[in-house]
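These are my notebook entries on a predicted model. I looked up aromatic pairs, nonpolar cores and a surface patch.

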Amino acid sequence: MVKIVLLLIIAYLLGSIPNGIWIGKLFFHVDIRRHGSKNIGATNTLRVLGPVAGTIVMLLDIGKGWLATWLPMQLGIHSWYPLIFGIMAVLGHTFSIFDHFKGGKAVATSAGMLMAYNFGFFLIAAITAFTSVFVTSMMSLGSILGFIIIFLVSLTTSDVALQIVALVLTIFTIYRHRNNIKKIINGTENILPFGLYYWYLQSKKARQQKK
């Protein structure tokens, strides 16, 4: 019992590490909470600090969820328990003790949890999200679709714990992206400088400038 409690605390503290804030301040002398969408996650880091910083933050945030879920399994804690530790990391990222109990949307950290628990499911979510982002140039839409697909696929398995956690993460992701959903509907959602929709807009802008 003591080991489980300690690992839960470690999982929360791992999730609480605000990689976007620390990297922004340490290497760029920029507090990303004051720029862009003011979110501490990889997407806002990419917009504010560039693709290198954004990629590093994304990998580190994935790593938090992965380590928090993988470590208990290495210590002999199996069954549904690893997912609970992963959820603690997700909560840590969303309500970070290092950021006045504020945080990001925990998409990358949730993905890391899936990577440790079931790598196949992680690949499905990652491919779905990347495809959606590539087509729409919207990270928010890619994240939402990725978790919806992962939940639907989880229903084809007999892993009840995974189904429950996938449902909780899907609802949580949709809730955390509620403002993004409104912007998508209104056509005002921020887009990434990448993907088919972005290139279409750039091409359209270039054509208009030639007129």
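I then checked F130, which is exposed with a relative accessible area of 51%; the cut-off for exposed is over 50%. A search of the whole structure gave me nine aromatic pairs. In the pair of F130 and F194, the ring centres are 6.2 Å apart and the planes stand at 45°, so I recorded the pair as tilted. F130 belongs to helix α7 and F194 to the loop between α10 (178–186) and α11 (196–210), so this pair ties together parts 64 residues apart in sequence. I also noted that ring pairs link F130 and F194 with F134 and W199 into a cluster.

I counted 16 residues in the largest nonpolar core, where L83, L114 and I150 touch the most other members. Two or more residues each come from α6 (107–117), α7 (119–136), α8 (139–154) and α9 (160–176). Helix α9 gives the most, with five residues. For L83, I left aside neighbours within four places in sequence and found contacts with M113, Y117, A161, L162 and V165. A second, separate core has seven residues, among them A11, L14, A68 and I77.

I found a nonpolar patch on the surface with about 1,200 Å² of accessible area together; its members include M1, W22, L91 and F101. Helix α1 (residues 2–16) gives the most to this patch, with five residues. I looked up L13, also a patch member, in helix α1. L13 is partly exposed, at a relative accessible area of 36%.

Methods. Residues are numbered from 1 along each chain as its sequence is written. This is a predicted model: local features need pLDDT of at least 70, side-chain atom pairs count only at pLDDT 80 or more; totals for chains, interfaces and linings use all residues. Side-chain values use heavy atoms; hydrogens and water are left out. A nonpolar core is a set of buried Ala, Val, Leu, Ile, Met, Phe, Trp, Tyr and Cys residues joined through side-chain atoms within 4.5 Å. Buried means under 20% relative accessible area, exposed over 50%, partly exposed in between (1.4 Å probe, protein chains only). Helices (H or I, at least four residues) and strands (E, at least two) are DSSP runs, numbered from the N terminus. Contact means heavy atoms within 4.5 Å. Patches are made of residues with over 30% relative accessible area and no salt bridge: like charges are joined within 9 Å, nonpolar side chains (Val, Leu, Ile, Met, Phe, Trp, Tyr) within 5 Å. Accessible areas come from the Shrake-Rupley method with a 1.4 Å probe; for residues, only the protein chains shown count as cover. A salt bridge is a side-chain nitrogen of Lys or Arg within 4 Å of a carboxyl oxygen of Asp or Glu. Rings of Phe, Tyr and Trp (its six-membered ring) pair if their centres lie within 6.5 Å; planes under 30 degrees apart count as stacked, over 60 as edge-to-face and the rest as tilted.
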